[in-house]
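Please open the model in a viewer and keep the selection panel at hand. The stops below are meant to be followed in order.

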Amino acid sequence: YEYVRPAILKWLGYQKCSLSQERAKLSNSFSKKEGRTHFVRAVTEKKNDSFWVQVPEGQESHRMRSFAQANCFLVVPQEATQLNEGDEVVIHWLP
């Protein structure tokens, strides 16, 4: 979704190739090692005119339940190691 899909769409002649993005507040904390950007499967919902994103458990690549439930990716920048509840984050909506 983040690399291959946009490349294929561009090759097919589409102008808008990237996933649409939004700002949201994080509902639960998340941590990772520093050094690369992560696209974390997540669920976003609108509450009181704001988007809130929740990272479900089971993010390992062989765990498909979190992907089946996801409606977006939480974008965790390479320099970040800890995101806390209430932090404003960027999400990419899944089509």
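The tour moves from the whole chain to single residues.

This is a predicted model, in which local features need pLDDT of at least 70, side-chain atom pairs count only at pLDDT 80 or more, and totals for chains, interfaces and linings use all residues. Residues are numbered from 1 along each chain as its sequence is written, and side-chain values use heavy atoms, with hydrogens and water left out.

**The whole chain**

Two helices and seven strands make up its secondary structure, in the order α-β-β-β-β-α-β-β-β along the sequence. Helices (H or I, at least four residues) and strands (E, at least two) are DSSP runs, numbered from the N terminus.

Switch to the C-alpha trace, which spans about 40 × 30 × 25 Å along its principal axes.

Contacts (heavy atoms within 4.5 Å) can be shown next. Of those between residues at least 6 apart in sequence, 68% join residues at least 24 apart.

**The surface and the interior**

The protein chain exposes about 6,600 Å², with 48% of that supplied by carbon and sulfur atoms; the areas come from the Shrake-Rupley method with a 1.4 Å probe, and for residues only the protein chains shown count as cover. Of the 95 residues, 33% count as buried. Buried means under 20% relative accessible area, exposed over 50%, and partly exposed in between (1.4 Å probe, protein chains only).

Now select Cys17 and Cys72. Are they buried or exposed? Cys17 is buried at a relative accessible area of 11%, and Cys72 is buried at 0%. The structure holds zero disulfides, a disulfide being a pair of cysteine sulfur atoms within 2.5 Å.

**Gln69**

Select Gln69, in helix α2 (residues 65–69). Gln69 is partly exposed, at 40% relative accessibility. Leaving out residues up to four places away in sequence, Gln69 touches Val43 and Pro56.

**Gly86**

Finally, select Gly86, in the loop between β6 (82–83) and β7 (88–93). Gly86 has a relative accessible area of 36% and is partly exposed. Which residues does Gly86 contact, apart from neighbours within four places in sequence? They are Lys25, Leu26 and Trp52.
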